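Please have the sequence and the model open side by side while reading.

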Amino acid sequence: MSPRWTLALPLAAALVGAAALLPGCFAEAPVAQAATKPNVILILVDTFRADKIGTYGYTKRKTTPNLDAFASGAMVWDNAYSQDAWTVPSVASLFTGVDPQGHLCLNFRQGEKLATDTISDSQDTLAESFKAGGYTTAAFIKSTVISTSHGYSQGFDQFNIVGGADQAWGHSAKDLNDAAIPWLTTQVKSGKPFYAYLHFMDPHSPYKAPEPWYSKYKGSYTGPMDGAHVQLEDAFKAGKVTAADWERELSLYDSEVEYWDTEFGRLWGELQKAGAASNTVVVLVADHGEAFGEHNNVFHGNLYGENIHIPVMVRGPGVKAGRMKAYGQLIDVPPTLAEMTGLQKGKNWQGKSMVTAMGGGAGHTDVIYSEYAGQRMVIDPASGLKLIVGDGATKLFDIKADPLEKTNLAESRASDVTRLRAALDARQAAGVAIGKGAGKGKAEAMSADQCEMLKSLGYLEPDAPCTGAVKNDDDGDGK
Ligand SMILES: [Zn+2]
């Protein structure tokens, strides 16, 4: 669906002064005073690995000049983690404010019933909080997996699956911007509060940015790798990815980031021209990162930093620029935005508002949590120790001293393993209890076209059946 916008809303007579929007003042702001509410634009960049961004220290190629300029005026969360290592559960955690075991958006079902887990109606989503607070709400999505999960649309007045043939390649970001910018700039000028969610897909495989970005860093490479997902996956499994191939794949990923950054510059420029800076909070996050051979992994499928250390940037009136050293996580975004805008928090939200931490105050005392398939992870904010369990292994890393997670300390620091394992189990139990209370959402059927798209993006195995047996799982029992 390609949205068509015909509304021409009147220019607001006055925008809100920044003084009313200082962090900590929102709770006192009367909710009924619509003019005092800042707009909120939440931008998710799929598969956006933190350490491939200039602001987070990437220097090999200058691929993010526009984002870096944006970040220079933002509060940058240096130590932020996603709740899962792939799109469906991670975005569901961002929307619902709960861990994956709490929202239970965990799988595609394959075989006779190919369908996608989706968010239960009984969850309180961030968009629903904005809607209840008097906001106009809209989503602009470039993600096949989110588009198949209509439970994600809860609380949105409009949920735009942006069309065009390019889902994660080609001019994907341009398509999304073309759909979103007219609506966003009109809303900014209207003076009426709005919440918008933008889901960009570009850095996700296949790594095929449009020209001139695609060829920009090719150099003298003459090997076979062209950025296709299945090609890299097959070569990786066969142990045939050469050093030159890795370099080419990394440069193709960087090209996708650089292309996206160019479009982000257009988006941010149009928002500034429309006057957004005075009354709009813009938050940038990722749902997970990406691996390029680290820890014997490619794409995203484990709980090491390359997959779950994500960028989070918050820029807007009353938000000071700087670096937040406190540990944060994706489910902290909903309560943070709720505090900044005076919204009601969802009943199950497990995250913590980071408004105080963004001002230099205390952050988390409890652990940061993430999971992927049968693996689970916690980070202890006080010590920087990280425990990963699953698949029969226990790993302990000191990520302050060993950020690349090369030295497993599990045997030498058994008491720390015991302590963190107890914290991990408690955190998981809290999520499971929420999931039992909220129930599982009704799984959504997947069309054959969506199935084929998911194969090309690596979400489904190449031999997964896409025809003949695609139907809904009406009772959501997975059978
Ligand atoms: Zn994703």
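Strand E14 (residues 375–380) and strand E15 pair in the antiparallel sense over 5 bridges, where helices (H or I, at least four residues) and strands (E, at least two) are DSSP runs numbered from the N terminus, and two strands pair if DSSP finds at least two bridges between them. Within this pairing, Val378 stands opposite Leu387 in E15. Residues are numbered from 1 along each chain as its sequence is written. This is a predicted model, in which local features need pLDDT of at least 70 and side-chain atom pairs count only at pLDDT 80 or more, whereas totals for chains, interfaces and linings use all residues.

On to the next strand: E15 (residues 385–390) also pairs in the antiparallel sense with E16 (residues 393–398), over 6 bridges, and Ile388 has Lys395 of E16 as its bridge partner. The hairpin of E15 and E16 has 2 residues between the strands, and Asp391 there takes a positive phi near 55°.

These strands belong to an open sheet of 4 strands in the order E13-E14-E15-E16, with antiparallel pairing. Strand E13 (368–372) and E16 stand at the edges with a single partner strand each, so one side of each is left without a neighbour in the sheet. Neighbouring strands of this sheet are turned by 15° against each other on average, direction ignored, with axes taken as lines fitted to C-alpha atoms, for helices over the stretch in contact, and angles running from 0 to 180 degrees between N-to-C directions. Helix H13 (residues 414–438) packs on the sheet and touches E13, E14, E15 and E16, its direction making about 65° with that of E15; two residues are in contact if their C-beta atoms, placed from the backbone, lie within 7 Å.

A residue is buried if 20 or more other C-beta atoms lie within 10 Å of its own, exposed if 12 or fewer, and partly exposed in between, with C-beta atoms placed from the backbone. Leaving aside residues up to four places away in sequence, Ile43 touches Leu198, Phe200, Val282, Val283 and Leu284.

After H8 comes Gly239, whose phi is positive, near 70°.

For the protein as a whole, there are 14 helices and 17 strands, and 53% of the 479 residues count as buried. The mean pLDDT is 88, and 88% of the residues reach 70 or more, pLDDT being the predictor's confidence in each residue, from 0 to 100. Some care is needed at two stretches: pLDDT stays under 50 over residues 1–35, and it also stays under 50 over residues 468–479.
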